[in-house]
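Have a look at the picture first, then follow the points in order.

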Amino acid sequence: MKKEISIIQISFQSILNYKSSVLLLIVQASVQIMISVSLWAYIYQSNQTRIAGYNFTSMVQYYLGTIIFSYFVFYPVDWEINDDIHSGNFFSILLKPITFYRYYFCKMLGDRIAHLLFSIIPVILFSSIYYRNEFLSIETFIFGSISIVLSMVLWFLLSCCVGMLSFWLENIFFVLTVKEIVIQFLSGIVLPLNFFSNNVRLFVDMLPFKYLVYEPLQIIRNETYQPMEALGVICVQLIWCILLYMLSRFLLRKGVEHFSNVGG
């Protein structure tokens, strides 16, 4: 456990070492929130009280949630794995007295805690306006917390699978870019999934992406969500985590074999 804590601390400290990075995090989060609030305020000025089931306040609440998820969950593990594989550093990581998964996850955790710690300041300020007198029930807090943690694990494993394509591809910049665009739309970051047609929703339901942001947010902010529905979401998240872990193990094994065979 000491090794894991040490990696988390180093990753966390690497963000704090640069005061400009801390300031940039606060400014970036503030700008994101102000743009979202201004955009939806303009849209709702057209006398529309509800759009796809959202009024102005609930829409702002939704986007505040997506911003928190962006800073807490979305760490570029795949970009880092890609760089480490092509630089040769990846194999020295495999020789460390800590597993590949623990090493990268601890780096991700330290970095995300630092990001969340400072980006949460403007989020709290705006939340005090749009979340007045709203408190989570104990059940919602527990189910929501579990779902958020699983969302983080799901993102990590999905990114590992994509990053390990670097064993076979010299440049996966295009793959990484497409993946980010797809996830931005299908996870519910760009728009709540309620905005999509039923056919698109059926397609999205078969993929893991909505369990990264949209479903965990529904558990936390949807007052009509029943405990069994929340439990169902968590079970599906667990299933996707298991499947992606098995896929990542397969890719890691085959990737190392391939790299060794071609004299990497």
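Predicted model: local features only at pLDDT ≥ 70, side-chain atom pairs only at ≥ 80, totals over all residues.

1. In other words, the chain has eleven helices and zero strands. Its radius of gyration is 20 Å, close to the 18 Å that the globule rule gives for 264 residues, so the chain is as compact as a globular protein of that length.

2. For the overall dimensions, picture a box of roughly 65 × 45 × 35 Å along the principal axes, which the C-alpha atoms fill. The accessible surface comes to about 14200 Å², and carbon and sulfur atoms account for 66% of this surface. Of the 264 residues, 44% count as buried.

3. How do contacts relate to distance along the sequence? Taking contacts between residues at least 6 apart in sequence, 78% join residues that are at least 24 apart.

4. Now to the interior. In soluble globular proteins, nonpolar side chains tend to be buried together. Here the largest nonpolar core has 58 residues, and Ile81, Phe100 and Tyr104 have the most contacts inside this core. Helix α7 supplies its largest share, with ten residues. There is also a second, separate core of 13 residues, including Ile33, Leu64, Ile67 and Phe126.

5. Which residues does Tyr104 touch, leaving aside neighbours within four places in sequence? They are Val77, Glu80, Ile81, Asp84, Phe90, Ile93 and Phe156.

6. The buried residues of α8 are Leu176, Lys179, Ile183 and Leu186. These cover an arc of only 110° around the axis, which puts them on the same side of α8.

7. What lies on either side of α8? Its buried residues pack against α4 (77–87), α7 (138–163) and α9 (198–205). The face turned away from that buried side carries the exposed residues Phe173 and Phe174. Just after α8, Gly188 takes a positive phi of about 95°.

Key: Residues numbered from 1 in each chain as written. Heavy atoms only, no water. Buried < 20%, exposed > 50% of the residue type's maximum accessible area, 1.4 Å probe, protein only. Helix = DSSP H or I, 4+ residues; strand = E, 2+ residues; numbered from the N terminus. Arc of directions from axis to C-beta. Contact = heavy atoms within 4.5 Å. Rg over C-alpha atoms; globule rule 2.2 N^0.38 Å. Areas by Shrake-Rupley, 256 points an atom, 1.4 Å probe, with all protein chains shown as cover. Core = buried A, V, L, I, M, F, W, Y, C linked by side-chain atoms within 4.5 Å.
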